[in-house]
Amino acid sequence: MVTEHRPRLSREQILRTAVARADRDGVAAVTMRSVATDLGVEAMSLYHHVANKAELLDGMIEVVLDTINAEVQPLTAESPADWKPVLRSRILLARRVLLRHPWAPALIGTRSPMTLPLITYFDAVIGLLRTGGFSYDLAHHAMHALGSRALGFTQELFESAGGPSDEEATAMLAAMADQFPNIAGMMADEPVHDDADPKLGWCDDQTEFEFGLDLILDGLERLRTPA
């Protein structure tokens, strides 16, 4: 009788399989059973490495944050003047990672902030600010101003899930132009965005994200070097 030998499971293998499932089908599709199915094992096998679904979700965020930390690590400031372009590059690189995992931003906001990968990321951000000459007090204010934008995402003003399409929204506002002239005027003046661009929300989120990021970084630069 030939005994079938299955490869030994590891926590990392389980977490990366869960991330792949979320990338493909959304985080709601991630369960202990669905991940076990993807691995070709019984669900009970996972509990030797991950205690429950909450720990599984926490671990998935750790995988994403570890990826971000690994990708931004080479970007360092060689002089105080480098703080802004380097921080901007690191934030946009973190955003590119999150765009590969569109479920992650919402999940990050629901999990514990006291994780080693997250602390590692923000410690490096504060280090860049300090290299740029920021006091700890100003760095503290900067972190609040950046908020989740420091990690590459924001809570968008308009969410696409369950809402009208751009065309439907434009038509609705046009029909109410007399009642809401300013919003209708803004929508009518809005340039057409390329729908092929990666998005995290209803509008061209990359353009809006960079616009807001640059406003904050430029303002911090003026505070760092007062006239």
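Is Ser-34 buried or exposed, and what is its relative accessible area? In this predicted model, Ser-34 is buried, with a relative accessible area of 11%; buried means under 20% relative accessible area, exposed over 50%, and partly exposed in between, with a 1.4 Å probe and protein chains only. The model is predicted, so local features need pLDDT of at least 70 and side-chain atom pairs count only at pLDDT 80 or more, while totals for chains, interfaces and linings use all residues. Residues are numbered from 1 along each chain as its sequence is written, and side-chain values use heavy atoms, with hydrogens and water left out.

Ser-34 belongs to helix 2 (residues 32-39); helices here are DSSP runs of H or I with at least four residues, numbered from the N terminus. A polar atom of the Ser-34 side chain lies 2.9 Å from the backbone nitrogen of Thr-31. Leaving aside residues up to four places away in sequence, Ser-34 touches Arg-21 and Ala-29, where contact means heavy atoms within 4.5 Å.

Turning to the aromatic rings, a search of the whole structure finds two pairs. Rings of Phe, Tyr and Trp (its six-membered ring) pair if their centres lie within 6.5 Å; planes under 30 degrees apart count as stacked, over 60 as edge-to-face and the rest as tilted. Trp-83 and Phe-134 have ring centres 4.8 Å apart and planes at 75 degrees, so this pair is edge-to-face. Because Trp-83 lies in helix 4 (residues 83-100) and Phe-134 in the loop between helix 6 (116-131) and helix 7 (136-146), the pair ties together parts that are 51 residues apart in sequence. Both Trp-83 and Phe-134 are buried. Tyr-121 and Phe-122 also form an edge-to-face pair, at 5.5 Å centre to centre and 85 degrees between the planes. Here Tyr-121 is buried, at 1% relative accessible area, whereas Phe-122 is partly exposed at 23%.

Helix 10 (residues 205-224) comes next. Its 20 residues, at 1.5 Å a residue, should span 28 Å, which agrees with the 28 Å between its end C-alpha atoms; the expected span is 1.5 Å times one less than the number of residues. The buried residues of helix 10 are Asp-205, Phe-209, Gly-212, Leu-213, Ile-216, Leu-217, Gly-219 and Leu-220. They cover an arc of only 160 degrees around the axis, so they sit on the same side of helix 10; the arc is that of the directions from the helix axis to the C-beta atoms. These buried residues pack against helix 4 and helix 7. The face turned away from the buried side of helix 10 carries the exposed residues Phe-211, Leu-215 and Arg-222.

How values were computed:
Helix = DSSP H or I, 4+ residues; strand = E, 2+ residues; numbered from the N terminus. Polar contact = N/O pair within 3.5 Å; in protein donor to acceptor, adjacent residues only side chain to side chain.
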